[in-house]
Amino acid sequence: FFQMILTVFLSNNEQILTEVPVTPETTCRDVVEFCKEPGEGSCHLAEVWRGNERPIPFDHMMYDHLQKWGPRREEVKFFLRHEESPAESNEQ
């Protein structure tokens, strides 16, 4: 049973965070649902690496995604953004 812990920052100042267990079946949507407040509206997960922020698609498999970063994983930060994902709103 493979599991990783994904640290997700819930605010910009990086003081509030939550640790999300990630398995090979975990999607980005699962992570967002785990992190957001009950009843909170649209949120998305963003990854920030070297000053570049990128929204992660809801259907993305997070375990594979983290594996792909390899040793650089330490440099990547994940943030819960309390707004609709730019990527998701473009698709509708």
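The conversation below goes from the whole chain to single residues.

Modeller: This is a predicted model, in which local features need pLDDT of at least 70 and side-chain atom pairs count only at pLDDT 80 or more, whereas totals for chains, interfaces and linings use all residues. Residues are numbered from 1 along each chain as its sequence is written, and side-chain values use heavy atoms, with hydrogens and water left out.

Biologist: Why is His44 called buried?

Modeller: Buried means under 20% relative accessible area, exposed over 50%, and partly exposed in between, with a 1.4 Å probe and protein chains only. His44, which is found in strand β3 (residues 44-49), has 3% relative accessibility and therefore counts as buried. Its contacts (heavy atoms within 4.5 Å) include Val32, Phe58, Phe79 and Pro86, not counting residues up to four places away in sequence.

Biologist: Why is His82 called partly exposed?

Modeller: His82 lies in the loop between β5 and α3 (86-91), and because its relative accessibility is 43%, His82 counts as partly exposed.

Biologist: How do you know that a polar contact joins the side chains of His82 and Glu40?

Modeller: A polar contact is a pair of N or O atoms within 3.5 Å; within protein, one must be able to donate a hydrogen and the other to accept it, and residues adjacent in sequence count only if both atoms are side-chain atoms. The side chains of His82 and Glu40 are joined at 2.4 Å, and a polar atom of the His82 side chain also lies 3.2 Å from the backbone oxygen of Leu10.

Biologist: What puts the buried residues of α1 on the same side of that helix?

Modeller: Cys28, Val31, Val32 and Cys35 are the buried residues in helix α1 (residues 28-35). They cover an arc (of the directions from the helix axis to the C-beta atoms) of only 100 degrees, which puts them on the same side of α1. An α-helix has 3.6 residues a turn, so residues three or four places apart point the same way.

Biologist: Why is β5 described as largely enclosed by the rest of the structure?

Modeller: Of the 5 residues of β5, 4 are buried, so β5 is largely enclosed. Two strands pair if DSSP finds at least two bridges between them; β5 pairs with β3 in the antiparallel sense over 5 bridges and with β1 in the parallel sense over 2 bridges.

Biologist: What makes Phe9 and Phe79 a tilted aromatic pair?

Modeller: Rings of Phe, Tyr and Trp (its six-membered ring) pair if their centres lie within 6.5 Å, and planes under 30 degrees apart count as stacked, over 60 as edge-to-face and the rest as tilted. The structure holds 2 aromatic pairs. In the pair of Phe9 and Phe79, the centres are 5.4 Å apart and the planes 35 degrees apart, and the pair is tilted. This pair links distant parts of the chain, with Phe9 in strand β1 and Phe79 in strand β5, 70 residues apart.
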